[in-house]
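Hello,

Here is the structure I promised to hand over. My notes follow below it.

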Amino acid sequence: MSNASATGGRGPSQRQLRVGELIRRTLSEALMQGEIHDPDLNRLSITVGEVRVTPDMKIATAYVLPLGGQHQDEAIALLAKNKGELRRLLGRKTELRFTPDLRFRIDDTFDRMDETRRLFSQEQVRRDIEAPATDDEGDDT
């Protein structure tokens, strides 16, 4: 039985969520404490917002954002360059049987939230949201 059928295709399993959070915390601590031997990476303050793990636990995608949202391309390039050292550190600090391959992406959660707020503040959208709902169901006349 495949994992997709076991979860009903509804999203990540508890194990994926647990492993993702473990990796997120470990990466965050390592980056915050400057445990990587790359001065260029250590000078950046990088937030690890989320880590998503594939169902087979072989790939972990870390969604990161440098402080202030600046130097995003540089941060991704430096993390990718130091991926091997970060993976070894994860293997040492976690009790995972297999350390997943790391991938890094920019976390655009805050941008999406800002866009959602902007949309909800538009007059036409507010008017539609505040409009009373019509009760067409239940009309048997």
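Thr 99 counts as buried, because its relative accessibility is 14% and the cut-off for buried is under 20%. Keep in mind that this is a predicted model. Thr 99 sits in the loop that runs between helix H5 (83-93) and strand E3 (101-106). What does Thr 99 touch, leaving aside neighbours within four places in sequence? Its contacts are Arg 87, Leu 90 and Gly 91.

Now the chain as a whole. The secondary structure comes to seven helices and three strands. Along the sequence the pattern reads α-α-α-β-β-α-α-β-α-α. The chain has 141 residues, and 28% of them are buried. Take the contacts between residues at least 6 apart in sequence: 61% of these join residues at least 24 apart. The accessible surface is about 10000 Å². Carbon and sulfur atoms account for 50% of that surface.

Next, the charged pairs. Side chains of opposite charge can pair when their charged atoms come close. A search of the whole structure gives eight salt bridges.

Arg 25 pairs with Glu 21, with 3.6 Å between the closest N and O atoms. Arg 25 is partly exposed, at 41% relative accessible area. Glu 21 is also partly exposed, at 33% relative accessibility.

Glu 35 forms a salt bridge with Lys 93. The closest N and O atoms are 2.9 Å apart. Glu 35 lies in the loop between H2 and helix H3 (39-42), while Lys 93 is in helix H5, so the pair ties together parts that are 58 residues apart in sequence. Glu 35 counts as partly exposed at 22% relative accessibility. Lys 93 counts as partly exposed at 40%.

Arg 43 forms a salt bridge with Glu 74, and here the closest N and O atoms are 2.2 Å apart. Arg 43 is in the loop between H3 and strand E1 (46-53), and Glu 74 is in helix H4 (residues 72-81), so this pair ties together parts 31 residues apart in sequence. Glu 74 is partly exposed, with a relative accessible area of 26%.

Best regards

Technical notes. Residues numbered from 1 in each chain as written. Predicted model: local features only at pLDDT ≥ 70, side-chain atom pairs only at ≥ 80, totals over all residues. Heavy atoms only, no water. Helix = DSSP H or I, 4+ residues; strand = E, 2+ residues; numbered from the N terminus. Buried < 20%, exposed > 50% of the residue type's maximum accessible area, 1.4 Å probe, protein only. Contact = heavy atoms within 4.5 Å. Areas by Shrake-Rupley, 256 points an atom, 1.4 Å probe, with all protein chains shown as cover. Salt bridge = Lys/Arg side-chain N within 4 Å of Asp/Glu carboxyl O.
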